[in-house]
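Good morning. Please have the sequence and the 3D view open while I talk.

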Amino acid sequence: MSLRVLIPSLLLFFTLIITIIGYAVIRIDLTEDIEQESLRYMNIELSKLQSLIEPLLAKGDYRGIKSLQSFKASELDNKGILIADPKGVVVASSNQKDLLNPWQISHIGINSEFVKKTISSTRSHTQFSDDRKLLEGYIDLCVRDLSKGLRSFSCGFLYYQLDLNYRHHQAREWLVKQSIYIALGSSLAAITLLLILHFRVTRRVIKIKTTLDLWTKGDREAKINLGGNDELNHISYLINNLVKEFTKDEKALIFNQQVNDAIIQSANYSIISTNTKGVITTFNSSAEKLLGYDKFELIDKQSPAVFHHIPEVIERTKILSKELGVDIEPGFETFVAKARLGKIDENNWTYIHKDGHEIPVRLSVTALYDTHGHIYGFLGIAHDISEQLAAEEKLEQLAYFDQLTQLPNRMLYNDRLNQTIGFAQRNNSSFSIFFLDLDKFKFVNDNYGHEVGDKLLIEVAKILTQSVRRSDTVARLGGDEFTVILPGLDSHYDKIAVGLIAEKIIEQLSKDIIIDGYTLQIGASIGIAIYPEHGMEASDLNKHADMAMYQAKEHGRGRYYFYKPSEDTTVASSD
Amino acid sequence: MQIQWTLRSTAKIVSLFIITCIGNIAQAETLRVGTTLWPGYEPLYLAKELKEFKEDIRMIHYPSTSDVLRAFKNRILEAAALTLDEVVLLEEANIPVQIILVLDISEGADVIMARPEIKNMQGLIGAKVAVESTAVGAYVLSRALQVHDIGIHQIALVNVENSSHKDAYQKELADAIVTYEPVRTQLLNIGAKQIFSSLEIPGEVVDVLVVHDDVIQSHRDQLLDITKGWFAALKQIKDEPVDSYTFIASRMKITPREAKESYYGLSLPSLKKNKKLLSNTPDSLATTFSRLSEQMKISGLINPEVKPKILLNDQFLP
């Protein structure tokens with residue numbers, strides 16, 4: 001209920017209550033008070049009439065008595081009056097019929113017991129009628145008869161009926177009138193109070209409310225102008241100030257928000273925020289570009305299922321559960337479990353584009369805290385790392401592969417050699433390495449140009465790769481030097497089998513090779529070293545294979561040669 | 001009924017609370033004192049004039065003792081100044097009263113005045129005598145007749161109230177009048193002769209202040225106040241006689257000198273005397289009262305069957 005209605009209603013309600021209670025209380029008391037007042041009145045009247053009538057009776061002035069009775073009878077609350085002289089003869093009565101008759105035959109309602117009591121005691125008596133609508137009074141009227149002595153007197157009496165019903169009626173009428181006056185007065189007071197309230201309070205409160213309404217609807221220029229010098233004016237002053245400050249803050253906030261939005265929207269990073277349950281609240285344009293979704297498709301949706309690679313999530317959950325020592329439910333928690341603990345979680349993830357292709361991203365998740373330090377959401381910032389991964393791969397390619405033939409270079413060769421040594425050591429097995437040098441390559445280079453030479457090298461790499469198993473490593477160490485690692489052979493290694501492979505390679509390379517229309521004839525010399533027989537270290541094995549290759553060349557081109565320590569001058573000289 | 005009772009009690013408590021709060025504004029119970037015009041009662045009016053009464057005391061003057069008695073009997077009055085024989089009449093009518101103050105003792109102020117032709121009491125035989133038969137006059141007359149051995153039937157009685165005594169004499173409605181001051185002085189002034197006075201029955205005509213039994217409780221403060229005022233007025237008469245008698249004379253319609261003379265036949269008992277008269281000693285008023293009652297029985301003024309008892313109350317004497 002609005003103030004405007006509440007206050008008047010309350011006032012009228014209280015007015016009504018006060019009037020009703022007042023009426024009820026007075027009404028109850030009224031009957032008793034009227035009876036008491038009537039009794040008092042009766043005694044005074046009886047006494048008055050006695051003092052007036054006794055001398056008249058003594059003088060025999062019946063006319064005087066009658067006029068007195070008539071006068072009394074004219075009073076509205078007098079229901080009846082009868083005056084009997086000492087002889088018992090009615091000398092005045094409100095009922096003319098009774099006149100000059102003995103009082104006993106009057107029908108006015110005289111109680112002879114009371115008459116007797118009154119006369120014998122020479123004192124007044126009063127009584128209420130049974131229905132309490134009448135008050136009856138008796139008083140003696142005594143006349144001295146001095147002819148019979150000083151004490152001789154005889155008494156008549158006066159009977160008086162007071163109409164209580166009339167008095168009650170009058171009083172009730174009065175009471176109703178008073179109640180109406182009180183009600184009217186109270187209502188008037190209520191209305192006055194109301195007007196005062198309206199002008200001093202309600203109207204001004206409504207003004208404040210209207211202004212605040214306007215303000216809520218966006219009118220920042222709305223101002224309260226009340227006037228006066230009271231609490232309400234003070235409140236309106238405070239509100240105005242508050243609004244002013246708020247507007248200022250709001251402008252700053254809007255500006256900041258716009259700046260933030262611009263940053264978020266224009267950032268190259270995909271920015272996605274969620275509430276604590278994982279429902280997406282922000283989805284910036286970079287995220288739209290990255291994932292191919294419109295933000296309206298995803299805002300208010302649960303995040304991980306939509307654009308995450310589910311098997312990856314499940315896999316990560318297992319790892320994370322182990323790391324944090326708690327059981328984590330795969331899903332949104334996988335992403336935020338660490339952030340919840342106040343840690344920064346940064347990881348590579350796979351996003352699924354709307355069209356289904358996978359996008360590798362770097363995603364960092366941070367918790368968002370409100371002013372009370374409670375987490376109200378999470379912020380995930382991600383960027384596409386496809387190019388980075390490609391670059392890394394490229395770099396690796398540059399570092400470990402020969403750019404011309406795409407075969408592993410010396411670095412990767414050494415690495416693989418070491419790996420192979422490690423494997424052979426653990427398995428107590430053997431393997432062999434070939435060092436291969438092309439015969440007559442310099443001649444091709446000099447006569448057909450570097451371009452043809454390069455193409456020849458590419459062709460040689462192809463032939464080598466095709467000549468060995470997939471598990472074997474073919475590498476180019478530089479120039480026309482190639483190596484081959486042939487791992488996975490048991491310790492009862494047969495040199496003949498190795499020799500057959502070397503022979504096969506030499507045979508393949510001895511065939512005519514056609515490059516750019518030129519038919520080229522080259523050949524190859526191969527030096528072979530066997531682990532662990534010819535060395536336990538990579539450097540030893542390389543040196544010995546190289547040495548064997550030179551020995552092969554010395555023995556005539558187009559042949560293979562096993563390293564022979566006895567022919568190793570370096571060993572002999574070192575001895 | 002329960003609600004009615006609660007409402008009524010609440011209303012009473014509230015009104016009582018309000019009355020208590022504004023007690024000074026609320027009307028205190030008034031003590032109404034009825035008197036006739038009699039020098040013995042005048043100090044009460046003097047006290048009122050001097051504003052000796054701090055409480056609400058209303059002095060009401062009645063034309064005759066009969067009116068005072070009637071009003072007192074009908075409870076229109078709380079207190080009345082009456083002669084002792086009138087108190088006996090109240091007791092006879094079974095109205096419980098207490099005497100709280102002895103106002104005066106008539107020592108010549110109650111008289112029988114006669115036309116100059118009547119020389120003495122014996123001259124009354126066959127004469128028409130005016131008397132207020134309901135009041136002290138009846139007692140004075142009966143005692144006078146008794147003292148002078150005259151039968152009641154030897155005279156003719158006319159009932160005339162005190163206020164009409166002078167009139168009755170002037171209009172020759174009676175040959176003799178049983179009366180008292182100031183009518184005595186007034187009649188002396190127009191040639192009447194005094195043939196009997198209360199000096200012949202010393203101590204029998206005593207004026208007292210009587211109150212209804214219950215008034216003792218309901219008007220305690222006013223009763224204390226009236227006795228205090230009474231003695232203050234007596235002191236005033238003694239200290240400032242000229243002013244006092246001038247005031248009294250103005251009320252009694254006589255000259256200040258006559259007013260002063262009207263007190264020659266009166267004795268106004270002091271506080272000490274009052275204490276003695278209202279005490280329980282053999283010298284007290286009780287002795288006079290019972291002697292008076294006996295006398296009234298003999299004179300036929302009261303029913304011989306009744307045994308009047310009087311309550312003397314000295315607690316209001318200052």
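Some ground rules come before that. This is a predicted model, in which local features need pLDDT of at least 70 and side-chain atom pairs count only at pLDDT 80 or more, while totals for chains, interfaces and linings use all residues. Residues are numbered from 1 along each chain as its sequence is written, chains are lettered from A and ligands numbered from 1 in the order in which they are written, and side-chain values use heavy atoms, with hydrogens and water left out.

Chain A, then. It has 17 helices and 17 strands; helices (H or I, at least four residues) and strands (E, at least two) are DSSP runs, numbered from the N terminus. Why is chain A called more spread out than a compact globule? Its radius of gyration is 66 Å, well over the 25 Å that the globule rule gives for 575 residues, so it is more spread out than such a globule. That radius is taken over C-alpha atoms, and the rule is 2.2 Å times the number of residues to the power 0.38. Along the principal axes, the C-alpha trace of chain A spans about 205 × 55 × 40 Å. Of the 575 residues in this chain, 41% count as buried. Buried means under 20% relative accessible area, exposed over 50%, and partly exposed in between, with a 1.4 Å probe and protein chains only.

Next, the interface. Chain B brings 29 residues to the contact and chain A brings 20, where contact means heavy atoms within 4.5 Å. The area buried between the two chains is about 2100 Å², and carbon and sulfur atoms give 58% of that. Buried area is the accessible area (1.4 Å probe) that two parts lose on being put together, summed over both.

How many salt bridges does the rule find across the interface? It finds one. Arg70(B) forms a salt bridge with Glu54(A), and the closest N and O atoms are 2.2 Å apart. The rule asks for a side-chain nitrogen of Lys or Arg within 4 Å of a carboxyl oxygen of Asp or Glu.

On the chain B side, helix H1 (2-21), helix H3 (65-73), helix H5 (136-147) and strand S7 (156-159) each supply at least two of the residues that touch chain A. H1(B) gives the most, with five residues.

Helix H3 of chain B also holds Thr65(B). Is this residue buried or exposed? Thr65(B) is buried, at a relative accessible area of 4%. Leaving aside neighbours within four places in sequence, Thr65(B) is in contact with residues including Leu82(B), Glu132(B) and Tyr180(B).

Now some backbone details. A cis peptide bond joins Tyr531(A) and Pro532(A), with omega about -5 degrees. Pro532(A) sits in the loop between strand S16 (523-531) and helix H16 (538-554) of chain A. In chain B, the peptide bond from Glu181(B) to Pro182(B) is cis, with omega near 5 degrees. Pro182(B) is in the loop between strand S8 (176-180) and helix H7 (183-189).

Last, positive phi. Leu100(A) has a phi of about 70 degrees although it is not a glycine, and this residue is exposed, with a relative accessible area of 67%. Lys253(B), also not a glycine, has a positive phi of about 60 degrees. Lys253(B) counts as exposed at 68% relative accessibility, and its place is the loop between helix H10 (241-252) and helix H11 (256-262) of chain B.
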